[in-house]
Amino acid sequence: MANSNRPTTKIANVYRGTFIHSTQQTALQILEDELLGVDTDGKIAFIERGAELDRLSRTFGFSPTEVTQLAQHEFFMPGLVDTHIHAPQYSYIGTALDMPLLQWLNTYTFPMESHFKDLKFAHSVYSKVVKRTLRNGTTTACYFATIHTDASLLLGQIANDFGQRALVGKVCMDRNDSVKHYKETNQESQEETCRFIAELLNKKYPLVRPVVTPRFALYCTAALLGQLGTIAKDNNLHIQSHIGETVEDIKLVQELFPESESYTDVYLKHNLLTDKTVMAHGCYLSDEELVLFRKTGASLSHCPNSNISLCSGMLDVRNVLKHKVKLGLGTDVAGGYSASMLDAVRRTLDTSKVLTIQNPEYDTLNFEEVFRLATLGGSQALSLDGQTGNFEVGKDFDALRVNVAAPGGPIDLVQCKEPKILLEKFLNLGDDRNIVEVFVAGRKVVPFAEPTTE
Ligand SMILES: [Zn+2]
């Protein structure tokens with residue numbers, strides 16, 4: 001594509017080095033000695049060969065001396081997209097993994113989430129989870145909060161303050177027979193959802209949006225599900241929930257909604273399956289249900305750590321991809337015990353290999369495909385791929401600067417490695433010590449700018 005001599009925006013930063021990302025056509029595109037320019041709006045203005053430096057500097061009006069050169073074992077990759085994480089559950093992450101889902105919710109989750117009416121407690125936990133995920137390279141997070149509107153608004157504010165791209169959901173649940181003090185009336189849930197949406201949108205945070213969040217069919221009346229479907233439609237909002245996580249919850253949902261043909265049909269009937277819907281888990285969806293996902297444009301969030309930790313099930317990702325259903329990865333903290341999307345990448349590969357052990361004919365996922373799911377796939381699952389997910393010109397610069405040989409880091413490089421090997425080592429062995437800088441919409445958000453919030 002020819003560049004005009006009249007660039008419309010000013011260039012803020014130019015980086016030179018190796019860029020690794022996914023496209024629609026290829027799971028892994030490796031661009032060596034490439035130049036990437038970010039404009040003052042945080043968008044990618046160009047990504048071209050290093051040999052084009054002189055022409056680019058004239059066209060875009062920057063000095064070649066201002067170019068930031070990556071070091072030998074460094075590369076840029078797109079920011080990681082966590083399509084499913086419960087921010088309040090960060091308070092007990094790494095514990096309480098000894099029960100199946102419904103018992104686990106009643107014993108640990110609901111009593112703990114009820115504490116988030118205390119804004120001081122909420123502030124402490126939410127600051128920690130936003131910082132921890134950012135440090136681990138999560139540039140976009142799709143959060144569940146709790147039923148408390150003000151604490152949910154606080155989560156949005158904290159994500160904005162730290163510069164994380166986020167979808168934030170105030171949880172809706174007007175049915176809970178087990179932990180009776182942790183639920184809303186139907187009217188409260190509806191009114192507070194509308195207040196949450198209006199107040200969050202009113203803040204005009206550039207990267208934080210509300211997401212309509214029925215906890216899942218088991219904890220909502222049909223009336224509430226229908227009302228939430230209408231609210232999402234009227235405001236053109238994202239929707240998130242859970243589906244088909246365990247055999248037990250599927251059975252109970254069938255009993256509660258006998259007129260529905262399937263779990264997917266429950267959401268479909270209440271206008272909750274749209275091209276801006278992301279549903280977590282889906283371990284037990286039938287092929288017919290996957291067809292409904294594809295037809296509506298709804299997506300799935302694969303949460304392998306949680307699926308295994310709570311002994312819920314195993315998602316056949318290959319089958320989901322065959323059905324052309326959009327799919328991203330999620331940590332599902334705290335059913336999943338790690339807040340790092342690198343862990344989600346590893347557990348996705350592990351699950352695929354377990355399926356292969358069970359069936360040697362299984363078409364095992366490779367790391368390149370899983371890399372795409374964690375980045376571009378996640379952005380597609382959240383319908384944010386127009387803004388983020390890879391290094392296409394015009395998208396926001398959401399990126400991790402990775403140093404595979406970071407001093408004191410977890411990786412020992414024995415031989416000088418090519419970029420593909422460096423990426424594979426980082427995905428399998430790396431951690432936040434290897435993530436030297438994180439950018440969201442062009443802004444450097446890690447290392448943290450100033451210690452204003454704790
Ligand atoms: Zn969840």
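1. Two residues are taken to be in contact if their C-beta atoms, placed from the backbone, lie within 7 Å. By that criterion, in this predicted model, 22 residues of domain 1 are in contact with 21 residues of domain 2.

2. Concerning the division itself, domain 1 consists of 11-78 + 390-446, while domain 2 covers 80-381. A distance of 30 Å separates the C-alpha centres of domain 1 and domain 2.

3. Which elements each supply at least two residues of the side of domain 1 that touches domain 2? They are helix 14 (419-429), strand 16 (435-440) and strand 17 (443-446). Helix 14 provides the largest share of that side, with four residues. In composition, the side of domain 1 that touches domain 2 has twelve nonpolar, five polar and five charged residues.

4. A separate point concerns the packing of two helices. Helix 4 (residues 149-162) packs with helix 5 (residues 186-203) at an angle of about 25°, and their axes are 10 Å apart. Angles under 35 degrees count as roughly parallel, so helix 4 is roughly parallel to helix 5. The crossing of helix 4 and helix 5 is right-handed.

5. On the helix 4 side, this contact is made by Thr 149, Ser 152, Leu 153 and Gly 156. Helix 5 contributes Glu 192, Arg 195, Phe 196, Glu 199, Leu 200 and Lys 203. The residues of the contact of helix 4 with helix 5 comprise three nonpolar, three polar and four charged.

Technical notes: Residues numbered from 1 in each chain as written. Predicted model: local features only at pLDDT ≥ 70, side-chain atom pairs only at ≥ 80, totals over all residues. Domains from an automatic or database assignment. Nonpolar A, V, L, I, M, F, W, Y, C, P; charged D, E, K, R; others polar. Axes fitted to C-alpha atoms, helices over the stretch in contact; angles between N-to-C directions. Parallel < 35°, antiparallel > 145°, perpendicular 65-115°, else oblique. Left-handed = near helix turned anticlockwise from the far one by under 90°.
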